[in-house]
Amino acid sequence: MPPVAAPPIPARRNLILAVMCLALAVVVGMMTSLMVAVPDIATDLRASESELQWVVNAYGVTFAGLLLVSGAIGDRLGRKAVLVGGLTIFGVASAGILIVDDVRWLIALRAVAGVGASAVMPMTLSIISHVFPPQERGRAIGVWSGVTVGGGLIGLLTAGGLLELFSWRSVFVVNIGLTVAALLGACAVPRQARSGAGRVDVGGGVLSVIAVAALVFGILRGPEAGWDAASVLVAFAVAVGAGIAFAWWELGHVNPVLDPRVFRVHALTSGSLIIAAESLAMFGFFFIGLQYLQVIKEYSPLTAAVAMLPLAVAAMVFSPVVPRVVTRWGYRPTVTTGMAMIAVGLMVMSRLSISSGYTPIAIGTFLLGAGIAFAATPATEAIMAALPPDKQGVASALNDVTRELGGVLGIAMLGSIFNDVYRSNVGAAAARLPADLATATKDSTSAGLAIASAPNSPSGLTAAVVNSFESAMSAAMLGGVIVVVAGAILALAIVRSSRHSDAGPQGSDGA
């Protein structure tokens, strides 16, 4: 193992933290910012619904699929170099989007941008873990955790504001500027010695990419094509086969990308489950909650993003102070409190209707943000603390893969619950329409409300569509509550079963 250099002085450490958070916010914000730009892209590029889905999802597939490989390459070849390379790829791909007029090129460049982002996100956390001494690391990781939540909402807010004045391409112009700023700021990051662990595990890297990308593809494709569609079943079969092959390969490799035996570390396994469960809840809520605000409450994209600000504010305010709470309370009570707040927040959101004022929205989103801070911050620190310094890139990538998979699962699972309940409830009212209009009404709440507002539409159709949406959202949010509670029980049981459970990541469980 290479010698550990003395950490930079405090002012430089804080500058590095700010630069890493900027780079993180850029790549996380790009995951969400296009959600509000999709209608403009559809009009400008004449894109189909299927193409629009892949404009959004192509980024996530390559992003999630390459995280583990990027983390391992960063540990082997130097994290600063990989960070700079990732930002460069991300920026060049974003610049290319400004000049394309074909949606297929847009999808391809989004996928390339995801490649760059996969190198950026794990490097930000591993660099933070490297430059901050142990006594300050919890606060720094807390700030990073807050930005992972706040960055997505800031992306939505920025995109909503830009779309009020400019075209959808303006979103990428801003991202290019922020990427350049992050590249310049990366000069402050000290060059780190390579791990000296030998060659990169190419075979394991390829298998991990196939397994994760196939799993993400299947999850994203399922709600669109049906869970029994051939393409979905093949994707899941490939994911399982590649996953088994990956585990077998890694167990026999001298320098594995990710040794499966690390999951014997209970804190790492517990932390991964917590991250997956809270990400599932957060992204599932974003997917459905933004529809509620824009379709049912008729908020503009900018107003809908502003309405979500309590979530971002709570996450960014509480995340830096949670490590001190963990020191005082212990790991298990802190995480339990966080997951409980997420569950209560989802329950509040499950009670919303068309007549609800903003107060319950603000309370629900604030609880979600605070809960994510209390749960995700100690879970992230547990994952990072479970692996040695020369494996921090892999630890960070594992944290990020878990987060991304939780996100796509949240959209797929809660979205599927929502779609099933909505279609079932609105079916009777839609049956009074011609076949093509009935199909459109069952496929989309927006289409149903547009059809209901047309002259000579059946009486009561608007109420039926709105009531069906409310019932579907309630069912989806309660499904999220079940996942959060089950994930918390399982994760905390794993920590408790360890003979080191009373230590936790911070040295005490508060008992």
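User: How many aromatic pairs does a search of the whole structure find?
Analyst: The model is predicted. Ring centres must lie within 6.5 Å to pair. A search of the whole structure gives an aromatic pair count of 11.

User: Are the rings of Trp168 and Phe172 stacked or edge-to-face?
Analyst: The ring centres of Trp168 and Phe172 are 6.2 Å apart. Planes over 60 degrees apart count as edge-to-face. The planes of Trp168 and Phe172 stand at 85 degrees, so this pair is edge-to-face.

User: Are Trp168 and Phe172 buried or exposed?
Analyst: Under 20% relative accessible area counts as buried. Trp168 falls in that class, and Phe172 does too: both are buried.

User: What is the angle between the ring planes of Phe285 and Phe286?
Analyst: Phe285 is buried at 2% relative accessibility. Phe286 is buried as well, with a relative accessible area of 2%. Their rings lie 6.3 Å centre to centre and form a tilted pair, with a plane angle of 45 degrees.

User: How are α14 and α16 oriented to each other?
Analyst: Helix α14 covers residues 322–329, and helix α16 covers residues 358–386. Their axes are 9 Å apart, at an angle of about 80 degrees. Angles of 65 to 115 degrees count as roughly perpendicular. The two helices, α14 and α16, are therefore roughly perpendicular.

User: Is the crossing of α7 and α16 left-handed or right-handed?
Analyst: Helix α7 spans residues 134–165, and its axis comes within 9 Å of that of α16. The axes cross at roughly 125 degrees. The helices α7 and α16 are therefore oblique to each other. The crossing is right-handed.

User: How many charged residues are in the contact of α7 with α16?
Analyst: The α7 side includes Trp144 and Ser145, and the α16 side includes Glu381 and Met384. The contact holds 6 nonpolar and 5 polar residues, and its charged count is 1.

User: Where does Glu298 lie?
Analyst: Most residues other than glycine have a negative phi. Glu298 is not a glycine, yet its phi is positive, about 60 degrees. At 67% relative accessibility, Glu298 is exposed. Its place is the loop between α11 and α12.

Technical notes. Residues numbered from 1 in each chain as written. Predicted model: local features only at pLDDT ≥ 70, side-chain atom pairs only at ≥ 80, totals over all residues. Heavy atoms only, no water. Axes fitted to C-alpha atoms, helices over the stretch in contact; angles between N-to-C directions. Helix = DSSP H or I, 4+ residues; strand = E, 2+ residues; numbered from the N terminus. Parallel < 35°, antiparallel > 145°, perpendicular 65-115°, else oblique. Buried < 20%, exposed > 50% of the residue type's maximum accessible area, 1.4 Å probe, protein only. Left-handed = near helix turned anticlockwise from the far one by under 90°. Contact = heavy atoms within 4.5 Å. Nonpolar A, V, L, I, M, F, W, Y, C, P; charged D, E, K, R; others polar. Phe/Tyr/Trp six-rings, centres within 6.5 Å; stacked < 30°, edge-to-face > 60°.
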